[in-house]
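This report describes selected features of the structure shown below. It begins with a pair of residues and then turns to the wider arrangement.

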Amino acid sequence: MNGYDRRHFLKSSLLGTSGALLATSAFGQTPTPGTQNPVSQKKFITRKLGKTGIELPIVGFGVMRADNPALVKAALEAGIVLFDTAHGYQRGHNEEMIGEVLKDHKRDSFVLATKVQPEDRDDKAGTLKSGSTVKAFLDRFDTSLKRLKLDYVDILYVHGISTREAALFPAMLEAVQEAKKSGKAKHVGMSTHMNEPEVIQAAIDSGIYEVVLASVNFKQDHYVRVKEAIAKAAKAGIGIVAMKTMAGGFYDKERTKPINCKAALKFVLQDENVTTAIPGNTNFDHLALNVSVNTDLTMTDDEKASLALGKSESGLYCQGCEHCVPNCPRGLPIPDIMRAYMYTYGYKQPEMAQSLLRSLEVQENPCSDCGHCTAVCTKGFNVAEKIADVSRLVNIPAEFLS
Amino acid sequence: MTKLLAFLAGMSLVLVSVSSAQSTPPLFPQISGWKLTVDEIVYTPNNLWDVIDGAADLFLEYDFVDLHIARYQQTADLEIKVELYRHKSAVDAFGMYSQERYPDYHFIDLGTQGYVEKGVLNFLCGEYYVKISTVQSEKPAQEGLISIAAALEKHLNRVKSWPGLIAAFPSHGKQANTEQYVAKNFLGYSFFSGAFTASYNDSSALKAFIISMESADAARKTIDTYLAPLPKEGISKTEGGRFRVRDPHNGVITFVLKLNILYGVLGAEDTTSETLLTELGQSLAKSQ
C-alpha cells in the first residue's frame with residue numbers, strides 16, 4: 001500500500017467511530033452494524049449465516065496472527081463484525097487481547113467466534129481419544145469466556161476436525177449441545193482444514209452443527225469437491241465461514257512468490273454459499289485491503305490472471321490423489337514414491353526416504369525401460385523424472401545418509 | 001567409489017539434504033525407563049496447519065523451519081508427547097516463545113527459560129521452542145515431564161543466554177518476564193519489523209521498544225515512511241532528537257533514532273514516557 005492509501009485508511013479509521021456503527025442490531029432483519037463502510041458510504045455486501053439468524057459482511061477478521069489490539073480496534077472502526085479466535089492461540093493471549101478491546105464495545109456490535117480443541121487427539125489418524133471428554137472441553141471453553149470477558153460467544157467451534165469419526169465423536173456433540181443449552185454459546189460448529197468434504201458432510205449428518213469453518217482456496221486440488229460439499233451444507237441450512245483463503249500466502253514452497261491475497265479472497269467469496277471469510281490481518285495495510293472487498297467483489301483482469309498463474313505453479317509435492325496409479329504400466333506405488341521425494345527434498349530426511357523406498361521394494365530407476373510415461377499427474381508433475389531422481393537413494397550406503 | 005562419487009555429483013539437491021541431516025544430531029534422546037517413538041511425519045511451513053491448526057500462522061511469522069514430534073511411553077497409561085519447533089534463529093524461537101508466555105507462570109531453570117503447569121512443560125533452547133505435554137495429571141506424569149525435559153535440554157546442548165537486545169532494557173521498573181520479540185508488523189505497520197519490547201511500571205500498556213535496522217539510512221527512510229501520512233500537528237521533535245507522535249492507532253509514542261537503532265516508549269502521555277526513554281537510551285549506550 002502506498003502513502004496515499006495509508007493516509008486514506010488512517011483517515012477512515014479516525015472517522016469510522018465505533019459509535020456510528022452501533023446504531024442498529026447485528027442480527028435478524030435489521031441492518032447489521034458495520035454493513036456501511038464508514039468512509040465511502042458504500043454498502044457492505046452481507047450474507048446470512050445458514051439458519052443462525054446472523055447476517056454478516058462477507059469479510060471478517062481471523063485474529064490468529066495479530067498481537068496488536070490497535071488492529072482489532074481499527075477493524076471494528078472499519079466495519080468488521082466477525083472476529084475469530086481460538087482457545088489455543090498464543091496460549092490464551094489472543095483471546096485476552098480481543099477481550100480487552102471488545103469490553104469497550106456494545107455486545108451486539110460484533111460477532112465473536114472461538115474454537116476449543118478436544119484435549120486428547122490422535123494427530124496422525126485424525127481421531128479423538130478417550131481423554132476428549134465433555135468436562136475437559138467445557139472447562140476449556142469456560143476459560144475462553146473468562147479471557148474474552150464475555151458471558152457468551154456467538155459461535156463455538158470444535159477446533160481442528162479432520163475426519164467424520166472425530167466430527168461425530170459423541171463427547172464433542174454432547175459438549176457443544178451443553179454449551180448451547182447453557183447460553184454460553186449461541187451457535188455451535190466445527191473447524192476443518194483437512195478432508196473438508198467429509199467433515200462438512202458429517203456436520204450435515206449430525207443435525208447439531210450450525211456452522212462450519214473450513215479451508216477454502218483457489219489452490220486446493222479438491223476445490224470442486226469442497227465447493228460441492230459447501231453447496232450441500234448451505235442447502236441444509238449450515239453456515240459456511242471460509243478460512244485459509246490466501247492458501248498459505250505464497251505460490252511456491254520456497255515462499256518467494258506472494259499470492260495476490262485480494263484476488264484469492266474474492267475468488268472464494270464468488271461462491272455465494274460461502275457466508276463470509278476470515279483472512280488474517282497482520283497490519284493496517286492488510287486490513288484496508290481486506291475491508292475493501294466488503295464493498296466490491298468484482299475481480300479485475302489482473303486479479304484473474306494472477307490466480308491463473310498461481311494455479312499453474314505446481315507445488316513440489318504429491319497430494320496423493322492416486323489418479324496416476326492406474327495408468328502406470330509397471331503398477332508402481334507412485335504416491336508412496338512421491339512421499340519419499342517429499343521426505344528427501346521437503347523434510348531433508350533422505351534416510352527416511354530410503355527406508356520407505358526399500359520397504360516398497362522400489363529398484364533404482366524403475367522407469368528406465370518405459371519409453372513414454374503414461375502416468376499423468378493432475379498437478380503436472382513429471383512423474384518419471386521424480387521417480388528416477390529419488391529412486392537412486394535405494395543403493396546409497398546408509399552411513400552416507402545419517 | 002567412482003560410482004558413488006558420480007552419484008553424489010549428480011544429486012546436488014539431495015546432497016544439500018544429506019549435509020543438513022548430517023549437521024543435525026538425532027533430535028530425541030533415548031531415556032532410560034521410557035520407550036521412544038519418533039513420528040514419521042515432520043511438519044514444515046507448508047503443513048504445520050495439519051497439526052496445530054490456525055495457531056500455525058503465528059509460528060510462520062517467526063521463521064518456523066520444522067516441527068518434529070516424539071512420544072515417550074513409560075506405562076500403558078503414561079505417555080508424554082514432545083514437540084520440537086525449530087526456528088531459523090534463537091531470536092525467532094524466543095519471539096514465538098514470548099508470544100505464548102505469561103509473566104506469572106511457574107518458571108523453571110531449563111534451557112534459556114522454561115515453565116511448568118499441570119500436564120505441560122515448555123522451554124526455550126536455542127533455536128528450539130520445546131513443548132512437552134501429557135493428558136495424564138498424576139504426580140508421575142509431572143515428574144516425567146521434568147525428567148524428559150532435562151534429558152532433552154542436555155541432548156540439544158544449546159547456549160542458555162537470552163538472544164538479541166533483551167539485555168539492553170533498563171531493569172528499573174521493568175516487569176519480569178514481559179520481554180517480547182515481534183518479528184513483523186510491529187505496531188501494525190509492515191515497515192516496522194524485528195522489535196524487542198518490555199513492559200514497565202505494573203502496566204502492560206507502558207512498553208519500551210528497540211528496533212535494530214539494517215543501516216542508518218534504512219532507519220531514516222523507515223521513519224519518513226511512518227511519519228509521512230500522519231497529521232503534522234500530531235508530530236513534534238524536541239531537543240536531543242526526540243520525536244513525540246500521536247499515532248492514530250497506537251496512542252502517543254516517543255522515540256529516538258540513533259544511527260540504525262530506533263528506540264522508544266508507548267502507552268503513556270505524561271513524563272513517565274520521557275523518563276523511561278532517557279533510561280532506555282542510557283541502557284542502550286552501556287550495552288553497545
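Val116(A) has Val158(A) as its bridge partner in β8(A). The model is predicted, so local features need pLDDT of at least 70 and side-chain atom pairs count only at pLDDT 80 or more, while totals for chains, interfaces and linings use all residues. Residues are numbered from 1 along each chain as its sequence is written, and chains are lettered from A and ligands numbered from 1 in the order of writing.

**The sheet of chain A**

Strands β5 and β8 of chain A run parallel and are joined by four bridges. Strands (E, at least two residues) and helices (H or I, at least four) are DSSP runs, numbered from the N terminus; two strands pair if DSSP finds at least two bridges between them. Eight strands of chain A form an open sheet with parallel pairing, in the order β3-β4-β5-β8-β9-β10-β11-β12. Because β3 and β12 of chain A stand at the edges with a single partner strand each, one side of each is left without a neighbour in the sheet.

| Strand of chain A | Residues |
|---|---|
| β3 | 61–62 |
| β5 | 111–116 |
| β8 | 153–158 |
| β12 | 276–277 |

**The domains of chain B**

Chain B is divided into domain 1 (25–156) and domain 2 (166–287), with bounds from an automatic or database domain assignment. Their centres, taken over C-alpha atoms, are separated by 33 Å. Eleven residues of domain 1 of chain B are in contact with ten residues of domain 2 of chain B, contact meaning that C-beta atoms, placed from the backbone, lie within 7 Å. On the side of domain 1 that touches domain 2, helix α5 (residues 90–100) of chain B provides the largest share, six residues.

How values were computed
Contact = placed C-beta atoms within 7 Å.
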